[in-house]
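Trainee: Please take a close look at one chain and at what it touches, and go through it step by step.

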Amino acid sequence: MELFELTVHALQQKLASRQVSSEEIVKSIFARINKVDDKVKAFITLTEEDALNKAREVDNAGQYKGIAGIPLGLKDLFCTPGVNTTCGSKMLADFVPTYASTAFRRLEEQQGILAGKLNMDEFAMGSSTENSSFFATCNPWDLTRVPGGSSGGSAAAVSADEVPFSLGTDTGGSIRQPASFCGVVGMKPTYGRVSRWGVIAFASSLDQVGVISKDVYDNALIMKIIAGHDHLDSTSAALDVPDYTACLDGDIKGLRVAYPQEYFGSGVDAAIKDAIKKALLKYEELGAIVEEVSLPHSEYALPAYYLVAPAEASANLARFDGVRYGYRDNEAENMEAMFSQTRCQGFGDEVKRRIMLGTYALSSGYYDAYYLKALKVRRLIADDFTRVFKDFDIIVAPTTPTTAFKLGKQSGDPLTLYMNDILTVPVNMAGLPGMSIPCGFDQGMPIGMQIIGKAFDEATIYKAAYAYEQSTNFHTMKPALGVE
Amino acid sequence: MSKDYEVVIGLEVHAELKTQTKIFCSCSTAFGAEPNTQTCPICAGFPGVLPVLNKKVVDLAITTGLALNCEIPNICKFDRKNYFYPDSPKAYQISQFDMPICINGYLDIDVEGRRKRIGINRVHMEEDAGKLVHQGDITTTPFSLVDLNRCGIPLLEIVSEPDMRSAQEARAYMEKLRAMLLFAGVSDCKMQEGSLRCDANVSVRPIGQVEFGTRTEIKNLNSFRALERAIEYEAARHIEAIKGGETLVQETRTWDEEKQLTRSMRSKEEAHDYRYFPEPDLLPLKISQEWVNSIRAAFPEMPEQAQKRLVEEYGLPEYDAQILTLTPDSLAFFDQCLKQYPDAKTISNWMMGEFNRLLNQNNMEIGESKVTAAGLVQMLKSIDDGTISGKMAKMVLEEMFATGNCPEVIIREKGLVQISDEGTLLTLIDDIIKTNPKVVEDYKSGKEKAFGFFAGQIMKATQGQANPTLVNKLLKDRLNHIQ
Amino acid sequence: MALTIAEVEHVAMLARISLNQSEKEQFALELGLVLNYADRLKSLQTDNIQPLDHILPVSNVFREDVVIGSPDREDMFANAPMAEDGQYRVPKII
C-alpha cells in the first residue's frame with residue numbers, strides 16, 4: 001500500500017518503527033493531491049512548503065509521539081495564523097488570521113502537519129459544497145456527484161486519500177452527511193466537547209467541531225487530542241475527556257440499541273433503509289439488544305432548525321461589513337451603501353437567503369411566532385431523546401435520505417436541499433453526539449449509518465461503531481477515482 | 001414651568017465600570033491610549049472569536065444593585081442587541097434585555113427640603129461601542145475614522161422610573177446617583193471623560209392626566225447643568241407645541257450646548273428593531289444569596305451612613321457632614337486626618353474653607369492635590385502649639401498645595417515661625433508705646449481703635465509673625481500699667 | 001405563500017444587503033416557501049414549554065479581571081481594507 005492510503009494509526013506505527021520518515025509521508029500526500037485534486041477539487045489552499053519544513057523538523061527531532069509528523073486537512077473555517085482562511089466565501093477570500101483555532105492549535109502542539117485548507121459551502125451553509133464561492137468539490141466515488149456539505153472538501157479529501165484525516169464542523173449534519181456521501185467516518189461530538197474558539201461561526205448554539213477519518217480508531221484518536229475544556233470558549237464543557245481508543249475492544253454484548261421509526265419513513269431511499277436494517281441485524285449478532293422506538297417530534301426538527309440556525313447566523317454574519325477585514329465595496333459613496341453593497345457582493349445567494357430568513361424570524365412582530373416557538377420545539381426534540389436514552393445506550397438510524405446526488409441537480413429549490421439534513425438536524429438541536437460510518441452501497445455510492453449517543457458519551461458511540469466496523473470491511477474500500 | 005402642565009422625566013444613565021480589563025476580553029481599559037492599541041480580535045469583532053465574562057463586572061453590578069436598593073433576581077442572562085454602525089464591530093451589542101441583573105430599586109433625593117423617592121426600574125450590564133472620529137461635522141465630513149479602544153469597556157445602564165417632575169429633581173437624582181456610584185467604588189463617574197453618561201426622557205401632560213404625553217429622548221448631555229437646561233428647554237418646547245396644536249413626534253434629540261437648544265437627530269429608521277435574542281455564546285448567570293451576602297458584607301460606607309457617623313460620633317453639624325461626604329476621596333481624607341487629630345470641627349473648617357477654595361481655584365479634585373492628610377494634621381498641630389498663627393497657616397497651606405512640601409519644611413524655609421518670645425515682643429511693644437505718646441493718650445481716653453493701631457504696628461514690624469494672642473495680652477498689660 | 005416585496009425590502013434593510021428587483025422577487029418566493037414550511041410548528045402545543053436557549057446545564061463561566069494585553073496594532077490592521085492614523089477608515093456616515 002502507498003503511504004497516502006494508510007490510516008493515522010498505520011502511519012504512526014511506521015514512523016515509530018522508523019520505517020518511514022514524516023517527510024516521505026508528506027511527499028506522498030502531496031503527490032497524491034497533485035494527481036487527483038484537479039478532479040476532486042477538495043482544496044482551496046495548499047501549504048506544501050510549510051508542511052515539508054515541519055516534516056523535516058519532526059524527522060530531525062526524531063521523536064514520534066502522538067500524531068507528530070502526520071499530515072491533516074482543515075475545513076476552511078478554522079482560523080490558521082498566516083494561512084488564508086476563506087470560509088468558502090468571497091467575503092473572506094483574502095483574510096489571513098493572526099490567531100489560531102484551538103482545535104488546530106492542539107493538533108499543532110502534537111506536531112500534526114497542516115497540508116491545506118478544505119473547500120466548503122460558503123459560511124457552512126449548504127449540504128453539497130456547491131455553495132462555495134470558488135468551485136464545487138466532487139465526490140471521489142463518482143466525480144459527477146456532490147460530496148455532501150458543508151464539510152464537503154474535508155470528507156472528499158479523506159475519501160480520496162489526500163489526507164489521512166481532517167477536521168470539519170457540523171451544525172445540522174455538515175460532518176455526518178458528507179462523511180456518509182463519501183464513505184468515510186465522521187463524528188460530531190456533544191455540543192461543548194470541542195472548543196469553538198477560532199472557528200468562524202455559523203450558528204453558535206449548534207456548531208460543533210468534529211473529525212473525519214478513514215476508520216473509527218483514527219477518529220477516536222484525533223478526537224481525544226482536540227476535545228476538552230478551553231477557557232476561551234464559555235460554552236466548552238469542563239469535563240474530562242476519556243481515552244476513546246481505550247474503549248475500542250469490540251465487546252458490545254448487552255448494548256441497548258434503539259432505532260426510531262420516524263427515521264425510516266417514505267422519504268428515505270429503500271436501499272438505505274435496507275442497509276441500516278442489515279446493520280441492526282449485525283448488531284444483534286454481536287450481542288446487542290435492538291428495539292424500535294419513537295421520537296415523536298422528529299418531523300418538527302427541520303423546520304425549527306431552519307429558524308434557529310439562520311437567526312443566529314444573521315447575527316454572526318453581521319460583522320462582515322467591510323470595515324476591519326474582508327471584502328469591501330470601495331466604490332460606495334457613504335457608509336450605509338458600503339454596508340449593503342459589500343454584503344450584496346461578498347455573500348452568495350444561500351448565505352443571503354439564510355441571513356434574511358433569520359432576520360425575519362427575529363424581527364419585531366415575528367419573534368414569538370418563529371424564533372421563540374422554534375426554541376420551545378427544540379426543547380421537545382431534546383426531551384424525546386432524553387426519554388429514549390433512559391432505556392437505551394445508542395440510537396441507530398440512516399444518516400441521509402439518499403446517497404450522493406448529481407452536481408447541479410438540487411439548485412433552484414432551497415427546501416429540497418434543506419431536506420438533506422432531515423435525519424441529522426435533530427441531533428444538533430438536542431446537542432447530542434452523532435457519528436456516520438459506512439455501512440453499504442447503493443449503485444456504487446456509499447451509504448452511511450448514523451449512531452447517536454447520550455450527551456458526553458462519545459465513548460459508547462466509538463465502542464459501538466468499532467464493533468460494527470470490524471465485523472465488516474466497508475472501511476477498507478476505496479473509490480477508484482479513475483486513476484490507477 | 002407652566003401651571004397647567006407637569007413635566008415627566010426619566011433618566012437613563014450609563015456608567016463605565018472600574019475594571020482593569022474589558023467585559024468580554026482581557027484588553028486593558030486604561031484611558032487615553034493611542035487609537036486601536038487596546039483592542040484584540042474579540043472586542044474588534046473578528047471572525048471565530050468568543051466572549052468570556054469578566055467576573056469583576058458582575059461583582060460591581062451586584063454592588064450597584066445593593067447601593068440602589070434593588071432586587072437581585074437569582075438568574076439573569078445576556079442578549080444580543082442587533083444594529084449596524086461602524087463603531088459596533090460585531091453589529092450587535094451584548095447587553096441584557098428581559099432578564100437584567102438588578103430590578104426594582106430606588107434612590108431618595110432631597111430637593112428644597114423635601115425628600116422624594118425616585119424609582120429605579122433596572123440596572124443591566126452591557127459592552128461599550130468604539131469611537132467614530134469625523135473630519136469636522138458629521139454632516140460634512142468626507143470620511144470617518146474608527147477607534148475601537150473603547151469597544152468592550154463594561155457599562156452599567158441604570159434606568160429610572162419616570163418619577164421626576166422638574167429639572168431640579170433630575171439634577172438631584174444625578175448628583176445622588178453619582179455619589180452612590182463613587183462611594184460604592186464601581187465607577188469614577190467623570191462626565192467630561194465619558195465614564196458617566198446621561199440621556200433624559202422628557203414628556204409633558206396636563207396636570208391631572210394619567211396618560212403620559214409624547215416622549216422625546218435627549219442625548220449629548222455633558223454636565224449636570226446641561227441636563228437641567230436641556231430639560232427645561234425641552235419641556236417648554238413640548239408645552240408650546242401642544243398649546244399651538246402641533247403634534248409632537250416621539251424622537252431622539254441632541255442637546256446643542258452652544259446654542260442652548262435641542263435638535264432633532266435625523267435618522268431614516270426612527271424605531272430601531274434590535275431583534276433581541278439570548279446570547280448563545282455566554283451561559284446564564286446564577287446569582288446566589290451567598291454571593292450577594294458576601295458583597296453586602298464588604299460594602300463600603302455609603303454617604304448617608306458616613307454623614308450619620310460624622311454627626312453622631314464626632315458632633316459635626318449636618319451641613320459639614322454633607323459637604324465632607326460629597327466624594328469618597330473627601331471622606332477618606334477627613335477620616336485619615338481624624339486618626340491623627342481629634343478635633344473634627346477644626347479639620348472640617350479647614351477642609352470646607354481654605355482647602356476647598358484652593359481646590360476650586362485650581363479646578364482640582366482632592367485626590368489630585370499635593371496636600372496629604374498627614375500634612376494638614378501637622379499644620380493644625382503647628383497652630384495648636386503656637387508655632388504659627390491661624391493667619392500664617394493659610395500661607396503654609398497654599399505652599400503645601402503648590403509644592404507638596406510638609407508644613408515643617410515650609411515653616412522653616414520661609415522663616416514663618418511665630419514670634420512668641422515675650423522678651424522680644426515686650427521690647428517691640430515698649431518701643432512702639434514710647435514713640436507714640438499721643439496714641440497712648442487716645443487709648444487712655446477710651447478710644448478702642450488706638451489699641452488696634454498698636455497691635456497693627458507690632459504685626460507690621462514683625463512681618464505678621466508676632467503671635468497675635470500674646471501681642472494682645474502683653475500690649476494690654478503694658479498699656480494698663482501706664483499712668 | 002410568498003412574502004411581499006415590501007417585506008423583503010424591510011428585511012434586506014435590517015440585514016444591510018442590497019438587492020435588485022429580480023432578487024427581491026426571487027427571495028420573496030423562496031423565503032415564503034421556507035416560512036410556510038416552518039409554519040407547521042404552529043400545530044404544536046408549546047404554551048408551557050421552556051425555550052431551550054442554552055444546551056449545556058451550566059452557568060457562571062467567568063474570567064479574572066487581569067490584563068493580558070492586546071496584540072500589536074499592526075497585527076490587528078493586517079487585514080484592514082482601509083486605514084489611516086491607526087484607525088479604520090470608512091466613508092462618510094451620511
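Mentor: Start with a strand pairing: B:L53 stands opposite C:F62 in β1(C). The two strands, β2 (residues 53–54) of chain B and β1(C), run parallel and are joined by two bridges. Strands pair when DSSP finds at least two bridges between them; strands (E, at least two residues) and helices (H or I, at least four) are DSSP runs, numbered from the N terminus.

The model is predicted, so local features need pLDDT of at least 70 and side-chain atom pairs count only at pLDDT 80 or more, whereas totals for chains, interfaces and linings use all residues. Residues are numbered from 1 along each chain as its sequence is written, chains are lettered from A and ligands numbered from 1 in the order in which they are written, and side-chain values use heavy atoms, with hydrogens and water left out.

Now the whole interface of chain C with chain B. Contact, meaning heavy atoms within 4.5 Å, involves 34 residues of chain C and 55 residues of chain B. The buried area is about 3800 Å², and carbon and sulfur atoms give 60% of that. (Buried area is the accessible area, with a 1.4 Å probe, that two parts lose on being put together, summed over both.) Of the area that chain C buries against chain B, C:H54, C:R63 and C:D65 supply 20%, more than any other three residues.

There are zero salt bridges between chain C and chain B, a salt bridge being a side-chain nitrogen of Lys or Arg within 4 Å of a carboxyl oxygen of Asp or Glu.

On the side of chain C that touches chain B, at least two residues each come from α1 (5–14), β1 (62–63), α3 (73–76) and β3 (87–91) of chain C. β3(C) gives the most, with five residues. By class, that side has 17 nonpolar, seven polar and ten charged residues. Here Ala, Val, Leu, Ile, Met, Phe, Trp, Tyr, Cys and Pro count as nonpolar, Asp, Glu, Lys and Arg as charged, and the others, Gly among them, as polar.

Chain C also meets chain A: 48 residues of chain C are in contact with 67 residues of chain A. About 5200 Å² is buried between them, 70% of it from carbon and sulfur atoms. The count here is three salt bridges. In one salt bridge, the side chains of C:R16 and A:E336 meet at 2.7 Å, N to O. Across the interface of chain C and chain A there are 14 residue pairs in polar contact, both at pLDDT 80 or more.

α1, α2 (21–38) and β3 of chain C are the elements that give two or more residues to the side of chain C that touches chain A. α2(C) gives the most to this side, with ten residues. The residues of that side divide into 30 nonpolar, six polar and twelve charged.

Notes: A polar contact is a pair of N or O atoms within 3.5 Å; within protein, one must be able to donate a hydrogen and the other to accept it, and residues adjacent in sequence count only if both atoms are side-chain atoms.
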